[in-house]
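Hi,

Here is the structure I promised to pass on.

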Amino acid sequence: MQTRRDRGNRRAGRVVLLLAAAVFLAAGAAAAGQAIDDARGATVDAAVVRIMTDVPGRRVYEVTFVDATGRTCESRVDTGSNPPAREISVGGRSLVHYSASDPCGKVRESIVAPPWFFVVIAGVIVVVCSFGVWRLRPPRARPGGVE
């Protein structure tokens, strides 16, 4: 027989798992929107205008390129931490990818992976939390009033 305390623990567990599922569902939806926007963008060859930082573990530089609409953009590219090693120089070329919604603002090196990985991880976490909520559901009453 299930005690009142057991039911309270199950309920608390279900609430925590539901909240976690809701948070990761919202984060996954936001990341999916960004990934779709990124996929609708384009990869172009850009001219390196200025290098701000080029040290092992980080590379920040400015590029100039022309987007699909013919607009000339100047943008900053930040590779984040530990980018793949490659030679870059002022006046040289760099392959960059821009997003569809903000071509001059959201620019990344084309060798950097798009954000699909987080979408997949968030989806898996939502499925696991949903399964946990389902497993912690209250037991059904059996015929005859016996639990």
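First a term: buried means under 20% relative accessible area, exposed over 50%, and partly exposed in between (1.4 Å probe, protein chains only). This is a predicted model, so local features need pLDDT of at least 70 and side-chain atom pairs count only at pLDDT 80 or more, while totals for chains, interfaces and linings use all residues. Residues are numbered from 1 along each chain as its sequence is written, and side-chain values use heavy atoms, with hydrogens and water left out.

Now Glu62, which sits in strand E2 (strands are DSSP runs of at least two E residues, numbered from the N terminus). Glu62 is buried, at a relative accessible area of 13%. Beyond neighbours within four places in sequence, its contacts (heavy atoms within 4.5 Å) include Arg50, Glu74 and Arg76.

On to the sheet. E1 and E2 pair antiparallel over seven bridges (pairing takes at least two DSSP bridges), with Ile51 partnered by Tyr61. Their hairpin has two residues between the strands, and Gly57 in that turn has a positive phi of about 100°. E2 and E3, also antiparallel, are joined by eight bridges; here Val60 partners Asp78.

Cheers

Terms used
Helix = DSSP H or I, 4+ residues; strand = E, 2+ residues; numbered from the N terminus.
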